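The sequence and structure are shown first.

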Amino acid sequence: MNKTISIIGGDLRIVKLTELLIKDDFKVYTYGVENADELTESKNLIKCNSIKEVVDSSNIILGPMPLSIDRKNLSAPFSEEKIDIDTVIEEMSNKNKTFIAGQILDNIAEKLQKGKITYIDLLKREELVVLNTISTAEGTIQLAMEETQRTIHGSKILVMGFGRVGKVLAKMLYGIGAEVSCEARKDSDIAWIKAYGYTPVHLSELEGKLGEYDIIINTIPFLILDENRLNYIKKDCTVIDLSSNPGGVDRKAAREKNLKVIWALSLPGKVAPLTSAQFIQETLYHILKEM
């Protein structure tokens with residue numbers, strides 16, 4: 001296995017991953033994490049002074065998760081510098097580089113392809129997605145406890161979407177005594193929801209049910225709680241949206257209706273950065289072995 005890697009940007013998960021890689025005898029070149037106090041001097045940690053230096057130091061380049069917040073610069077909360085994505089791509093182009101990051105948008109993927117850069121989206125790796133559901137679900141429950149005046153036990157909670165996150169989240173909520181309902185549109189999912197002992201809500205009957213819940217948690221990655229559906233939600237209901245940009249809730253309409261909406265992105269990195277880093281490390285090693 002190649003034990004040299006370059007890391008550009010990233011949140012606390014990537015900082016923790018860097019520490020794990022160094023402990024595992026990797027030589028790690030970094031850029032865009034200079035303000036991370038956890039990264040102390042080490043013979044296997046080389047802090048680079050430019051994008052060119054960090055890119056040229058290894059054929060494996062690891063970027064942030066998610067890759068970008070503003071679609072222009074790499075996500076780099078531990079750096080004062082704006083790291084332009086196009087500049088990074090330009091430095092990697094035609095140099096036999098492999099770029100690994102999370103949530104690589106289509107327009108960025110096109111630029112990577114034009115530069116003949118092999119790229120891998122970590123958030124499309126099944127093993128990482130499944131493992132991340134654990135910390136996402138735990139973080140969601142933590143948010144619900146902090147942001148409501150009720151106990152989870154006994155609360156009527158609707159989980160919208162019965163994919164990976166929805167399944168794990170519903171199980172955890174049910175285990176601590178919540179009255180769990182799950183929304184789905186497929187008849188097969190409705191059958192599984194019944195089999196698990198939750199209350200099924202078909203998409204076609206959603207409007208008539210929304211007013212029953214103390215907490216609504218959305219996992220569906222498109223606008224599902226639009227202005228019309230928001231009219232049915234109780235004023236004291238807390239809505240937690242786990243879906244990626246642009247989100248599954250009309251937040252402008254929710255503000256106008258004085259509804260409490262929490263858009264909770266990248267929960268694994270916020271609530272369990274070390275565990276998330278271990279999951280990324282495991283997935284990264286799978287990728288390196290495949291290469």
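The model is predicted. Its largest pocket has a volume of about 1,500 Å³. Of the 47 residues that line this largest pocket, Thr-219, Pro-221, Leu-242, Ser-243 and Ser-244 lie closest to its centre. Several secondary-structure elements take part: helix H5 (126–147), helix H6 (164–175), strand E8 (179–184) and helix H11 (267–271) each supply at least two residues of the lining of the largest pocket. Helix H5 gives the most, with 6 residues.

The second largest pocket holds about 150 Å³ of space. Its lining is made up of Ile-69, Asp-70, Asn-73, Leu-74, Ser-75, Ala-76, Pro-77, Glu-81, Lys-82 and Ile-83.

The cysteines remain to be considered. A disulfide requires a pair of cysteine sulfur atoms within 2.5 Å, and by this rule the count comes to 0 disulfides. For Cys-237, the closest cysteine sulfur is that of Cys-182, and because the two sulfurs are 15 Å apart, they are too far for a bond.

Are Cys-237 and Cys-48 buried or exposed? The cut-off for buried is under 20% relative accessible area. Cys-237 is buried, because its relative accessible area is 1%. Cys-48 also counts as buried, since its relative accessibility is 9%.

Definitions and conventions: Residues are numbered from 1 along each chain as its sequence is written. This is a predicted model: local features need pLDDT of at least 70, side-chain atom pairs count only at pLDDT 80 or more; totals for chains, interfaces and linings use all residues. Side-chain values use heavy atoms; hydrogens and water are left out. Buried means under 20% relative accessible area, exposed over 50%, partly exposed in between (1.4 Å probe, protein chains only). On a 1 Å grid over the protein atoms alone, a cavity is a set of points where a 1.4 Å probe fits but cannot get out, and a pocket is an open set with protein on both sides within 12 Å along at least five of seven lines; lining residues have an atom within 4 Å of a point. Grid points are joined across faces, edges and corners, and a volume is the space filled by probe spheres set on the points. Helices (H or I, at least four residues) and strands (E, at least two) are DSSP runs, numbered from the N terminus.
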